[in-house]
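Trainee: Please take one part of this model and go through it closely. I would like to see how it sits in its chain and what it touches.

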Amino acid sequence: MPLCLSVPPLRQPIFEYLCPEGAALSQRMTKDQPMKPAQPRRKSARTQTPAWADGLKRLYDSVLDEPLPDTFAQLLEKLDDPANG
Amino acid sequence: MAESDIAAPPRPAIDPAAFKRELTGVIPHLRAFARGLCGRADLADDLVQEALLKAWSAQARFEPGTSMRAWTFVILRNAYLTDMRRNRFRADYDEGVAERTLVAPASQEDPMHLSDLHRALLTLPPERREALLLVGAGGFSYEEAAQICGCAVGTIKSRVGRARAALSQMIEDGQIPRRSTDDAVAHAAIMGELEETVQSGTFD
(Lines give C-alpha, C1' and ligand atoms only; values in the text may rest on other atoms or scores of the structure.)
Protein backbone atom coordinates (compact mmCIF):
# COMPACT_ATOMS: atom_id res chain seq x y z
CA MET A 1 0.00 0.00 0.00
CA PRO A 2 1.99 2.88 -1.26
CA LEU A 3 1.24 6.52 -0.73
CA CYS A 4 -0.93 6.14 2.30
CA LEU A 5 -0.29 9.69 3.26
CA SER A 6 -3.77 10.94 3.72
CA VAL A 7 -3.27 13.82 6.00
CA PRO A 8 -6.03 15.06 8.20
CA PRO A 9 -6.15 18.77 8.65
CA LEU A 10 -3.59 19.38 11.30
CA ARG A 11 -5.61 21.67 13.47
CA GLN A 12 -5.82 18.82 15.91
CA PRO A 13 -2.74 18.28 18.02
CA ILE A 14 -0.22 16.37 16.01
CA PHE A 15 0.22 13.98 18.83
CA GLU A 16 -3.29 12.71 18.42
CA TYR A 17 -2.75 12.48 14.72
CA LEU A 18 0.38 10.44 15.22
CA CYS A 19 -1.22 8.26 17.83
CA PRO A 20 -4.81 7.72 16.86
CA GLU A 21 -5.32 5.66 19.96
CA GLY A 22 -5.39 9.02 21.61
CA ALA A 23 -5.28 9.92 25.21
CA ALA A 24 -4.57 6.48 26.62
CA LEU A 25 -1.37 6.15 24.67
CA SER A 26 -0.55 9.74 25.31
CA GLN A 27 -0.65 9.11 29.02
CA ARG A 28 1.41 6.00 28.72
CA MET A 29 3.95 7.99 26.77
CA THR A 30 4.04 10.49 29.56
CA LYS A 31 5.16 7.82 31.93
CA ASP A 32 7.57 6.29 29.48
CA GLN A 33 9.31 9.47 28.60
CA PRO A 34 12.36 9.93 30.75
CA MET A 35 13.24 13.24 29.16
CA LYS A 36 11.35 15.71 31.25
CA PRO A 37 10.24 13.78 34.25
CA ALA A 38 8.84 16.70 36.17
CA GLN A 39 6.98 18.37 33.39
CA PRO A 40 3.50 17.45 32.36
CA ARG A 41 4.30 16.16 28.94
CA ARG A 42 0.71 16.01 27.89
CA LYS A 43 0.46 19.71 28.19
CA SER A 44 3.57 20.42 26.19
CA ALA A 45 2.53 17.99 23.50
CA ARG A 46 -0.69 19.87 23.11
CA THR A 47 0.53 23.39 23.34
CA GLN A 48 3.90 23.43 21.66
CA THR A 49 3.33 21.44 18.53
CA PRO A 50 0.93 23.20 16.20
CA ALA A 51 3.07 25.90 14.62
CA TRP A 52 6.05 23.93 13.54
CA ALA A 53 4.52 20.46 13.44
CA ASP A 54 2.28 21.72 10.72
CA GLY A 55 5.30 23.28 9.05
CA LEU A 56 7.15 19.99 9.13
CA LYS A 57 4.34 18.33 7.26
CA ARG A 58 4.30 21.17 4.80
CA LEU A 59 8.00 20.93 4.22
CA TYR A 60 7.58 17.29 3.38
CA ASP A 61 4.43 17.79 1.35
CA SER A 62 5.90 20.68 -0.57
CA VAL A 63 8.41 18.23 -2.02
CA LEU A 64 5.65 15.75 -2.80
CA ASP A 65 3.92 18.42 -4.79
CA GLU A 66 6.93 19.27 -6.90
CA PRO A 67 6.93 17.94 -10.42
CA LEU A 68 9.46 15.19 -10.87
CA PRO A 69 12.63 16.28 -12.60
CA ASP A 70 13.16 14.65 -15.99
CA THR A 71 16.13 12.77 -14.67
CA PHE A 72 13.76 10.42 -12.89
CA ALA A 73 11.85 9.56 -16.03
CA GLN A 74 15.16 8.89 -17.72
CA LEU A 75 16.27 6.67 -14.90
CA LEU A 76 13.01 4.73 -14.90
CA GLU A 77 13.37 4.13 -18.63
CA LYS A 78 16.85 2.82 -18.13
CA LEU A 79 15.62 0.31 -15.57
CA ASP A 80 13.96 -1.77 -18.25
CA ASP A 81 17.25 -2.17 -20.00
CA PRO A 82 18.29 -5.78 -19.36
CA ALA A 83 21.74 -4.54 -18.50
CA ASN A 84 20.25 -3.07 -15.37
CA GLY A 85 18.55 -6.22 -14.23
CA MET B 1 17.99 -29.80 10.40
CA ALA B 2 16.18 -30.80 7.29
CA GLU B 3 17.36 -30.03 3.83
CA SER B 4 14.36 -27.85 3.21
CA ASP B 5 15.39 -25.49 5.98
CA ILE B 6 18.58 -24.67 4.20
CA ALA B 7 17.15 -24.12 0.79
CA ALA B 8 14.59 -21.49 1.54
CA PRO B 9 11.58 -21.68 -0.72
CA PRO B 10 11.76 -19.03 -3.40
CA ARG B 11 9.65 -16.08 -2.55
CA PRO B 12 6.90 -15.28 -4.98
CA ALA B 13 8.67 -12.71 -7.08
CA ILE B 14 6.87 -9.53 -7.81
CA ASP B 15 6.10 -8.82 -11.41
CA PRO B 16 8.73 -6.33 -12.59
CA ALA B 17 6.14 -4.07 -14.13
CA ALA B 18 4.18 -3.96 -10.88
CA PHE B 19 7.36 -3.40 -8.96
CA LYS B 20 8.31 -0.54 -11.18
CA ARG B 21 4.87 1.00 -10.82
CA GLU B 22 5.11 0.88 -7.07
CA LEU B 23 8.65 2.15 -7.12
CA THR B 24 7.63 5.06 -9.31
CA GLY B 25 4.82 5.85 -6.93
CA VAL B 26 7.11 6.34 -3.97
CA ILE B 27 9.63 8.59 -5.71
CA PRO B 28 8.05 11.80 -4.41
CA HIS B 29 8.23 10.42 -0.89
CA LEU B 30 11.82 9.39 -1.31
CA ARG B 31 12.62 12.88 -2.51
CA ALA B 32 10.86 14.44 0.45
CA PHE B 33 12.62 12.19 2.93
CA ALA B 34 15.99 12.71 1.29
CA ARG B 35 15.51 16.46 1.22
CA GLY B 36 14.82 16.41 4.91
CA LEU B 37 17.83 14.25 5.57
CA CYS B 38 20.46 16.06 3.59
CA GLY B 39 18.96 19.48 3.08
CA ARG B 40 20.03 20.15 -0.45
CA ALA B 41 17.67 19.38 -3.26
CA ASP B 42 20.29 18.33 -5.78
CA LEU B 43 22.10 16.03 -3.39
CA ALA B 44 18.79 14.66 -2.20
CA ASP B 45 17.79 13.77 -5.74
CA ASP B 46 21.13 12.11 -6.39
CA LEU B 47 20.52 10.07 -3.30
CA VAL B 48 17.05 9.09 -4.48
CA GLN B 49 18.41 8.01 -7.84
CA GLU B 50 21.00 5.89 -6.13
CA ALA B 51 18.32 4.36 -3.92
CA LEU B 52 16.07 3.66 -6.90
CA LEU B 53 18.82 1.77 -8.70
CA LYS B 54 19.60 -0.21 -5.58
CA ALA B 55 15.94 -0.98 -5.03
CA TRP B 56 15.61 -2.11 -8.61
CA SER B 57 18.47 -4.55 -8.39
CA ALA B 58 17.19 -5.81 -5.05
CA GLN B 59 13.61 -6.23 -6.19
CA ALA B 60 13.68 -9.97 -5.59
CA ARG B 61 13.94 -9.17 -1.90
CA PHE B 62 10.85 -7.05 -1.85
CA GLU B 63 7.86 -8.82 -0.42
CA PRO B 64 4.78 -8.01 -2.42
CA GLY B 65 2.03 -6.60 -0.29
CA THR B 66 4.40 -4.87 2.12
CA SER B 67 5.05 -1.18 2.12
CA MET B 68 7.18 -0.10 -0.81
CA ARG B 69 7.64 3.24 0.87
CA ALA B 70 9.08 1.72 4.04
CA TRP B 71 11.24 -0.70 2.07
CA THR B 72 12.73 1.97 -0.15
CA PHE B 73 13.22 4.32 2.80
CA VAL B 74 15.54 1.76 4.35
CA ILE B 75 17.54 1.64 1.13
CA LEU B 76 17.63 5.42 0.88
CA ARG B 77 18.68 5.75 4.48
CA ASN B 78 21.54 3.31 4.04
CA ALA B 79 22.68 5.10 0.91
CA TYR B 80 22.59 8.36 2.82
CA LEU B 81 24.65 7.04 5.68
CA THR B 82 27.18 5.52 3.33
CA ASP B 83 27.52 8.76 1.41
CA MET B 84 27.74 10.75 4.60
CA ARG B 85 30.69 8.75 5.71
CA ARG B 86 32.38 8.54 2.38
CA ASN B 87 31.99 12.04 1.07
CA ARG B 88 31.02 13.84 4.19
CA PHE B 89 28.73 15.94 2.12
CA ARG B 90 27.42 18.85 4.01
CA ALA B 91 23.88 18.93 5.18
CA ASP B 92 23.59 22.07 3.18
CA TYR B 93 20.44 23.89 3.02
CA ASP B 94 18.61 24.76 -0.16
CA GLU B 95 17.36 28.22 0.53
CA GLY B 96 15.42 28.58 -2.68
CA VAL B 97 12.79 25.95 -2.28
CA ALA B 98 11.64 26.55 1.23
CA GLU B 99 11.92 30.29 0.94
CA ARG B 100 9.31 30.34 -1.77
CA THR B 101 6.85 28.66 0.51
CA LEU B 102 6.07 30.96 3.29
CA VAL B 103 4.39 29.50 6.28
CA ALA B 104 2.13 31.75 8.15
CA PRO B 105 0.02 29.42 10.18
CA ALA B 106 -3.41 30.80 10.67
CA SER B 107 -4.08 31.87 14.23
CA GLN B 108 -0.40 32.12 14.98
CA GLU B 109 1.12 35.39 16.07
CA ASP B 110 4.56 34.99 14.68
CA PRO B 111 4.54 33.47 11.27
CA MET B 112 7.41 31.23 10.52
CA HIS B 113 9.26 30.49 7.39
CA LEU B 114 9.51 26.93 6.29
CA SER B 115 13.12 27.71 5.63
CA ASP B 116 13.59 28.54 9.31
CA LEU B 117 12.09 25.25 10.25
CA HIS B 118 14.21 23.42 7.75
CA ARG B 119 17.35 25.03 9.07
CA ALA B 120 16.36 24.22 12.61
CA LEU B 121 15.69 20.66 11.54
CA LEU B 122 19.12 20.37 10.00
CA THR B 123 20.76 21.24 13.29
CA LEU B 124 19.32 18.15 14.91
CA PRO B 125 21.48 15.08 15.26
CA PRO B 126 20.82 12.88 12.25
CA GLU B 127 19.11 10.05 14.01
CA ARG B 128 16.69 12.39 15.75
CA ARG B 129 16.12 14.28 12.57
CA GLU B 130 15.28 11.15 10.63
CA ALA B 131 13.02 9.88 13.40
CA LEU B 132 11.09 13.12 13.41
CA LEU B 133 10.95 13.16 9.63
CA LEU B 134 9.58 9.65 9.47
CA VAL B 135 6.98 10.08 12.17
CA GLY B 136 6.17 13.76 12.11
CA ALA B 137 6.35 14.38 8.38
CA GLY B 138 6.23 11.01 6.66
CA GLY B 139 3.32 9.80 8.74
CA PHE B 140 4.92 6.51 9.73
CA SER B 141 3.94 4.91 12.99
CA TYR B 142 6.57 4.57 15.68
CA GLU B 143 6.68 0.87 14.91
CA GLU B 144 7.26 1.42 11.21
CA ALA B 145 9.88 4.06 11.87
CA ALA B 146 11.63 1.68 14.23
CA GLN B 147 11.74 -0.97 11.53
CA ILE B 148 13.08 1.48 9.00
CA CYS B 149 15.82 2.63 11.36
CA GLY B 150 16.50 -0.83 12.67
CA CYS B 151 16.05 0.10 16.29
CA ALA B 152 13.60 -0.38 19.14
CA VAL B 153 10.27 1.39 19.20
CA GLY B 154 11.19 3.01 22.48
CA THR B 155 14.30 4.42 20.89
CA ILE B 156 12.29 6.01 18.12
CA LYS B 157 9.84 7.46 20.60
CA SER B 158 12.66 8.93 22.57
CA ARG B 159 14.34 10.34 19.47
CA VAL B 160 11.13 11.90 18.22
CA GLY B 161 10.47 13.32 21.66
CA ARG B 162 13.90 14.83 21.90
CA ALA B 163 13.76 16.19 18.38
CA ARG B 164 10.42 17.82 19.06
CA ALA B 165 11.62 19.27 22.32
CA ALA B 166 14.74 20.66 20.68
CA LEU B 167 12.81 22.25 17.82
CA SER B 168 10.25 23.70 20.16
CA GLN B 169 12.98 25.12 22.29
CA MET B 170 14.78 26.61 19.33
CA ILE B 171 11.64 28.18 18.02
CA GLU B 172 10.50 29.41 21.39
CA ASP B 173 13.84 31.00 22.07
CA GLY B 174 14.10 32.40 18.60
CA GLN B 175 17.35 30.56 18.18
CA ILE B 176 16.80 29.34 14.73
CA PRO B 177 20.07 29.31 12.88
CA ARG B 178 20.48 32.05 10.38
CA ARG B 179 21.26 31.46 6.81
CA SER B 180 24.87 31.04 6.04
CA THR B 181 26.69 31.57 9.29
CA ASP B 182 24.89 28.90 11.16
CA ASP B 183 25.21 26.39 8.41
CA ALA B 184 28.56 25.84 9.99
CA VAL B 185 26.94 25.30 13.35
CA ALA B 186 24.44 22.90 11.89
CA HIS B 187 27.11 21.10 10.01
CA ALA B 188 29.34 20.78 13.02
CA ALA B 189 26.47 19.46 15.08
CA ILE B 190 25.54 16.92 12.48
CA MET B 191 29.03 15.72 11.77
CA GLY B 192 29.89 15.57 15.43
CA GLU B 193 26.92 13.45 16.21
CA LEU B 194 27.47 11.27 13.20
CA GLU B 195 31.02 10.65 14.26
CA GLU B 196 29.78 9.49 17.63
CA THR B 197 27.13 7.24 16.27
CA VAL B 198 29.44 5.77 13.70
CA GLN B 199 32.05 5.08 16.29
CA SER B 200 29.63 3.56 18.72
CA GLY B 201 28.20 1.55 15.86
CA THR B 202 24.63 2.40 16.68
CA PHE B 203 23.75 3.92 13.40
CA ASP B 204 24.18 1.08 10.97
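Mentor: Chain B contains 10 helices and 2 strands. From the N terminus the order is α-α-α-α-α-β-β-α-α-α-α-α. The model is predicted, and that applies to every value below. Of the 204 residues in chain B, 43% count as buried. Among the contacts in chain B with a separation of 6 or more, 67% are between residues 24 or more positions apart. Chain A has 5 helices and 0 strands, in the pattern α-α-α-α-α. In chain A, buried residues make up 16% of the 85 residues.

An α-helix has 3.6 residues a turn, so residues three or four places apart point the same way. After helix 8 of chain B comes Gly150(B), with a positive phi near 65°.

What does helix 8 of chain B meet in helix 7 of chain B? From helix 8 of chain B, the residues in contact are Tyr142(B), Ala145(B), Ile148(B) and Cys149(B). Their counterparts in helix 7 of chain B are Glu130(B), Ala131(B), Leu134(B) and Val135(B). By type, the residues of this contact divide into 7 nonpolar, no polar and 1 charged.

The geometry of the pair is as follows. Helix 7 of chain B spans residues 126-137, and its axis comes within 9 Å of that of helix 8 of chain B. The two axes cross at roughly 140°, and the helices are therefore oblique to each other. The crossing of helix 7 of chain B and helix 8 of chain B is right-handed.

The buried residues of helix 6 of chain B include Asp116(B), His118(B) and Arg119(B), along with Leu114(B) and Leu117(B).

Helix 2 of chain B and helix 3 of chain B, the latter residues 41-57, have axes that come within 8 Å and cross at roughly 135°. Helix 2 and helix 3 of chain B are therefore oblique to each other, and their crossing is right-handed. On the helix 2 side of chain B, the residues in contact include Leu23(B), Ile27(B), Leu30(B) and Arg31(B). On the helix 3 side of chain B they include Leu47(B), Val48(B), Ala51(B) and Trp56(B). The residues of this contact divide into 14 nonpolar, no polar and 3 charged.

Pro16(B) is also part of helix 2 of chain B, which covers residues 16-38. Pro16(B) counts as partly exposed because it has 14 C-beta neighbours inside 10 Å. From Pro16(B) to Trp56(B) the C-alpha to C-alpha distance is 9.0 Å, with the two residues 40 apart in sequence.

Definitions and conventions: Residues are numbered from 1 along each chain as its sequence is written. Chains are lettered from A and ligands numbered from 1 in the order in which they are written. This is a predicted model: local features need pLDDT of at least 70, side-chain atom pairs count only at pLDDT 80 or more; totals for chains, interfaces and linings use all residues. Helices (H or I, at least four residues) and strands (E, at least two) are DSSP runs, numbered from the N terminus. A residue is buried if 20 or more other C-beta atoms lie within 10 Å of its own, exposed if 12 or fewer, and partly exposed in between; C-beta atoms are placed from the backbone. Two residues are in contact if their C-beta atoms, placed from the backbone, lie within 7 Å. Axes are lines fitted to C-alpha atoms, for helices over the stretch in contact, and angles run from 0 to 180 degrees between N-to-C directions. Angles under 35 degrees count as roughly parallel, over 145 as roughly antiparallel, 65 to 115 as roughly perpendicular and the rest as oblique. A crossing is left-handed if the near helix is turned anticlockwise from the far one by less than a right angle, and right-handed if clockwise. Ala, Val, Leu, Ile, Met, Phe, Trp, Tyr, Cys and Pro count as nonpolar, Asp, Glu, Lys and Arg as charged, and the others, Gly among them, as polar.
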